[in-house]
Amino acid sequence: MLVSLCIPTNGILEWVIPVLDSIYNQNIDNDLFEVVIADNGNNIDFYNGIKMYLDKFDNLIYKHTNATGFLNQIECFDMASGEFIKFINHRMPLINGALEKFINIARNYRSTKPIVFFTNGTMPSKKTLLEFTDFDNYISCIGYMSSWSGGTAIWRNDFKKEKLKAYNRLFPHIKYVLSNSTCNLYLVDNTKIFYHPKTDETKKGNYKLYQAFGLELPMIFLDIKKKNMLKQTTYKKVLKQIEKFLAIQYCELELEKKPCSYDLSDFTDYVSIFFNPHKIIIMAYIRYLKRKTMSSLKNILKV
């Protein structure tokens with residue numbers, strides 16, 4: 001098997017079915033890839049809905065698991081048998097051509113096995129494929145986006161090597177993105193591979209948002225900096241990106257009151273270790289006021 005598409009899920013049928021359809025509608029030979037679903041939800045309707053796909057496609061693998069939270073990602077990787085394992089977000093269908101891209105990367109790089117990360121076209125560079133020969137430049141490129149599990153890819157052999165080492169429970173995938181500073185080649189694919197349909201955000205996983213991004217993620221980068229894997233300038237660049245992300249989340253979730261599944265408690269306790277919480281709140285309010293002003297101007301122009 002060349003490619004494994006891994007879909008860890010908590011059993012939201014209306015999310016996963018469009019993802020499966022987006023994969024199988026790409027008309028790729030089923031012998032080239034497999035789809036692996038690890039389900040840690042408690043929704044019997046989910047299995048009933050998936051069963052017709054299991055009956056139809058012999059390269060689809062399903063398992064109900066007791067793996068908690070994001071550790072379900074690792075459970076899903078462990079089930080995979082493909083040479084090249086690609087994480088697939090259970091809420092994001094693939095665009096046409098994405099599966100062919102994964103297969104081509106697996107074919108073209110199976111001998112060298114570089115670290116590969118997919119940005120879904122979010123990098124400002126106009127290049128579609130960025131190549132780096134050193135770890136620091138690679139991290140400088142993807143920065144805090146390395147926390148996005150949807151960008152993760154891992155070679156099966158590398159997964160086996162790292163499997164028994166400890167995982168961060170909030171970002172278990174990240175050691176495959178950040179841990180190898182001795183690789184000869186790092187690839188960042190900057191093309192669009194997913195699209196994000198509007199979904200009910202309250203059905204996402206429940207975890208402490210500010211603990212994850214205000215404390216755990218900065219600690220991961222501090223650890224690799226202490227190991228002399230990152231330059232100080234790159235480390236500071238990533239922290240600024242995380243700070244901006246936290247301000248955006250505070251604006252949208254605390255000020256605009258957008259619905260979410262996150263636990264938003266203990267903002268100051270978690271954020272103050274690496275950041276100035278007052279600065280983040282000010283950044284959030286500035287963003288909030290700008291958005292309110294722009295919204296008001298648009299309403300006036302419509303009249």
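Here are some questions and answers about the predicted model above.

Me: Before we start, which pLDDT do local features need here?
Reply: Residues are numbered from 1 along each chain as its sequence is written, and side-chain values use heavy atoms, with hydrogens and water left out. In this predicted model, totals for chains, interfaces and linings use all residues and side-chain atom pairs count only at pLDDT 80 or more, while local features need pLDDT of at least 70.

Me: Happy with that. What is the strand order of the open sheet of five strands?
Reply: Helices (H or I, at least four residues) and strands (E, at least two) are DSSP runs, numbered from the N terminus, and two strands pair if DSSP finds at least two bridges between them. In this open sheet the pairing is mixed, and the order reads β3-β2-β1-β4-β7. The twist averages 20° from one strand to the next. Its edge strands, each pairing on one side only, are β3 (60-64) and β7 (153-155). So that you can trace it in the viewer, the order once more, by the pairing rule just given, is β3-β2-β1-β4-β7.

Me: At about what angle to β3 does helix α2 run?
Reply: Angles run from 0 to 180 degrees between N-to-C directions, and axes are lines fitted to C-alpha atoms, for helices over the stretch in contact. Helix α2 (residues 44-56) lies across β1, β2 (33-39) and β3. Its angle to β3 is about 160°.

Me: How many of the eight residues of helix α3 are buried?
Reply: Buried means under 20% relative accessible area, exposed over 50%, and partly exposed in between (1.4 Å probe, protein chains only). The buried residues of α3 are N72, Q73, I74, C76, F77 and M79. Helix α3 (residues 72-79) is thus mostly covered, and the number of its eight residues that are buried is six.

Me: Is L2 buried or exposed?
Reply: L2 lies in the segment before β1. Contact means heavy atoms within 4.5 Å, and, leaving aside neighbours within four places in sequence, L2 is in contact with L32, G82, E83, F84, I103, A106, R107 and R110. Because its relative accessible area is 8%, L2 is buried.

Me: What separation do the C-alpha atoms of N104 and L2 have?
Reply: N104 belongs to helix α4 (residues 98-108) and is partly exposed, with a relative accessible area of 31%. N104 and L2 are 102 residues apart along the chain, and their C-alpha atoms are separated by 9.9 Å.

Me: Which strands are at the edges of the open sheet of three strands?
Reply: The sheet has the order β5-β8-β6, with mixed pairing. Each edge strand pairs on one side only, and the two are β5 (115-118) and β6.

Me: Where is N120, and is it buried or exposed?
Reply: The place of N120 is in the loop between β5 and β6. Its phi is near 60°, a positive value in a residue other than glycine. With a relative accessibility of 11%, N120 counts as buried.

Me: And K257, buried or exposed?
Reply: K257 sits in the loop between α9 (232-255) and α10 (267-271). It has a positive phi of about 60° although it is not a glycine. At a relative accessible area of 61%, K257 is exposed.

Me: Which residues lie nearest the centre of the second largest pocket?
Reply: On a 1 Å grid over the protein atoms alone, a pocket is an open set of points where a 1.4 Å probe fits, with protein on both sides within 12 Å along at least five of seven lines; lining residues have an atom within 4 Å of a point. The elements giving two or more residues to this lining are α7 (174-178) and α8 (209-226). Of the 14 lining residues, those nearest the centre are K175, S179, I220, D223 and K227.
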